[in-house]
Amino acid sequence: MDAPVRKLRVATTSLAGCFGCHMSLLDLDEGLIGLLERIELDRSPLTDTKEVGECDVGIVEGGVCNAENVEVLREFRRRCKVLVALGACALNGGLPAQRNVLSLPLLLQEVYRAEPGAEHGRIPDDPELPLPLDRVHPLHEVVRIDHFIPGCPPPAEAIGAVLGSLLAGEARPLDPALIHFD
Amino acid sequence: MCSAVRREPDPAEAAATAMARHRHDPHELVQVLIEVQEACGWIPPPAIDCIQARLGLPRARILGVATFYAFLHIFPRGRYRILFSDNITDRMLGSEALLQRLCRSLWVERGRVSEDGLVSVDTTSCTGLCDQGPALLVNGRAMGRLTPARIDEVAEKVREAVPLEDWPAAWFRVDDPVRRRDALLSGTWPPGEALRAGLARGAEALVGEVKASRLRGRGGAGFPTGQKWAACRDAPGRTRYLVCNADEGEPGNFKDRVLLSTAADAVIEGMTLGALATGARRGFLYLRGEYRFLLAHLEDVLARRRAQRLLGESILGHEGFDFDVAIHVGAGAYVCGEESALIESLEGRRGMPRNRPPYPVTQGYLGEPTVVNNVETFASACLVALHGAKWYARLGTPESAGTKLLCVSGDCARPGTYEYPFGVSLREVLSDCGAGEAQAVQVSGPSGATVPAAEFGRRIGFEDLPTAGAVMVFGRERDLFEVARNFVHFFAHESCGFCTPCRVGTSLLRNMMDKLAHGHGSPYDFAEIERLNRLLQVMSHCGLGHSACNPVLGTIAKFRPAYQRRLAHEEFEPAFDLDRALAAARQMTGRDDAAAHVREEEEGTA
């Protein structure tokens, strides 16, 4: 019998994303059972842990659209040996980055002042709310990223393949059939 | 203030006139749009309506073409459209400061049109006046030898709205300094003599003679000319075409300008020889938009040659030898120098390279066999017809027969055109042009090779340093990183946008070089630059993408310290200031609490 292997400690988070990439991870279905024997989850929407600990791998979904995203992403970079950008928004900014063609002041004006809504014509200024950046950035423009998994969402098999290669301690390139830039 | 009331030309009328001049042929779309642009200063919607209706082209196609070419505008760009040539040699002569001076003087922001719609000031890719820079184009007219005083005079003419025709003609004078002549430039023959020699040999023997002379293409790639002519002649087709590629867009090159202005007869005569050899009956001279000032001269030469029966029907009385040349003007697109993109442009489309094969010799213009040769190639073919293959092949080296025009610019006392037999060493060229202590030479332009001083013994020729002609000299004090960055900006601007590796890759490369230049570089970025270059080289659709990485790879290989100096940070950092990225939101919300800021990260934590 082999000695029990140390489990890989993995943290995940979604920044300016829709959690669709996390849903895709769950699409590994019964593959999750085998996977969970070899990894343990740290901070993740799946554990609801709020702080990220020292990890082997961090998986980040979504782009960087506000001050909080910056803080969380930097924390992940500090704590995780390997950082993986997961999905179209993390790689390219994706849907949230569609606002990049407009200036932020114009957007805030249009959303909060022009239309009478919940804020009664005021731009929300509660310190609890993270301030938006002037434009949405992909992760690799803010911190160093080690691996990229494209797709909207990336197929479960692609996520499984990357985790598998990290577990094996190697960086195998993704099978082109698993790469979707959609 | 406007000194005279100017009648705005009617756009629909301008379009109708242009279309009539081009026989309402949809293949002439680029020419029609250029003429509307010239008449109106831009391409207004009513002109597009008119073209759409009369030529029966989809509007998207017309807009697609109009937005592809840098000198065509579907929005007003001012009555005076001033574009500074942005080659590295212009920059070395202070073009940036001159541009800023003009902007300040005219109260206009670079790239924008002034509030009153009078003027816009921006940059454009190399205009081919590197031997007399810094240079600019005003409404397409070339102006070299710029000085601060001249810039102030230009500003005054613009402010007073003096029509361009009334600006001093001396400002638009283009010189053609030739510093060394060899077989081609010293050979003078009466128009028609090379053609008579060709006719005396006969078409079949002429092709054989050109093959035996080992004449190779002068655009840089060096394809054997005789082989190309034979392939076109033998390809099945209803008719054949011949194209002279004068879309000299590679920054640092200007020898085609010099040839067309001082030896146009030789060029046209070489084309006529090509027609004799291949059986082509129609020829095009694709003149880059920046050389529009040569148009009247070239039309004169063509008209005279027609009168001399050197063009037209039954040339020199030979029944069935019919050939004529039409000039097609470009509109600011480097990629059109690639032969299949050039043909697309001739056919009235966006200049996007085709898949090859099929090569133009079998399926070129309108799908028929087409020869595309460089200006200098055609001129050189005359020497073969006149003196024979043996005589010609003795010039130069075994792999590179004949002579080569070099365009010398940059840090040297005597910039200009130099003709040498192939095989000349860079050291000899540098000594002749008075380069002094040069640090490096860029041979053939951005897509060519960066040669450091230690390798100045290398020789011009297909065996060692193939070149379209450019020899840009960089003195000791120049920063080779900035040279490469200028070239990378050039490729990002000129990518045709067809394939993703090049469209996105050249822009990413530009952004990364800018990141290093702005002091945000780390070894991580350097690794990314190297990775991206490999992708560009392997994945791009055409030569533009393949060669877009050359200046960076070349300077990394030979001038690594210029890069290492810029890797200021050990760890990755963003190319932009994260805290400043929150400034707009802070202002809109009036917040200034701790959470409204991004902390400066300490080195080594990210």
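Two strands pair if DSSP finds at least two bridges between them. In β2(A), A:E40 is the bridge partner of A:R9. Helices (H or I, at least four residues) and strands (E, at least two) are DSSP runs, numbered from the N terminus.

This is a predicted model, in which local features need pLDDT of at least 70 and side-chain atom pairs count only at pLDDT 80 or more, while totals for chains, interfaces and linings use all residues. Residues are numbered from 1 along each chain as its sequence is written, and chains are lettered from A and ligands numbered from 1 in the order in which they are written.

**Chain A overall**

- Chain A has six helices and seven strands, and from the N terminus on its elements run β-α-α-β-β-β-α-β-α-α-β-β-α.
- Along the principal axes, the C-alpha atoms of chain A fill a box of roughly 70 × 35 × 30 Å.
- Of the 182 residues of chain A, 38% count as buried; a residue is buried if 20 or more other C-beta atoms, placed from the backbone, lie within 10 Å of its own, exposed if 12 or fewer, and partly exposed in between.
- Among contacts in chain A with a separation of 6 or more, 78% come from residues 24 or more positions apart; two residues are in contact if their C-beta atoms, placed from the backbone, lie within 7 Å.

**Strands of chain A**

- Five strands form an open sheet in the order β2-β1-β3-β5-β7 (chain A), with parallel pairing.
- β2 (39–41) and β7 (147–149) of chain A are at the edges with a single partner strand each, so one side of each has no neighbour in the sheet.
- Direction ignored, neighbouring strands of this sheet are turned by 25° against each other on average; axes are lines fitted to C-alpha atoms, for helices over the stretch in contact, and angles run from 0 to 180 degrees between N-to-C directions.
- Strand β1 (residues 8–14) of chain A runs parallel to β2(A), and three bridges join them.
- Helix α6 (residues 156–167) of chain A lies across β1, β3 (55–61), β5 (80–86) and β7 of chain A, at about 160° to β7(A).
- Strand β4 (residues 64–66) of chain A pairs with β6(A) in the antiparallel sense over two bridges, and A:N66 stands opposite A:P132 in β6(A).
- Five of the six residues of β6(A) are buried.

**Contact between chains A and B**

- Chain A gives 19 residues to the contact and chain B gives 21 residues.
- On the side of chain A that touches chain B, α3 (67–79), α5 (104–114) and β6 (132–137) of chain A each give two or more residues, and α3(A) gives the most, with five residues.
- That side of chain A has 12 nonpolar, no polar and seven charged residues; Ala, Val, Leu, Ile, Met, Phe, Trp, Tyr, Cys and Pro count as nonpolar, Asp, Glu, Lys and Arg as charged, and the others, Gly among them, as polar.

**Helix pairs of chain B**

- The axes of helix α1 (residues 11–21) and helix α2 (residues 29–40) of chain B come within 9 Å and cross at roughly 140°.
- That angle makes α1(B) oblique to α2(B); angles under 35 degrees count as roughly parallel, over 145 as roughly antiparallel, 65 to 115 as roughly perpendicular and the rest as oblique.
- The contact of α1(B) with α2(B) has nine nonpolar, no polar and one charged residues.
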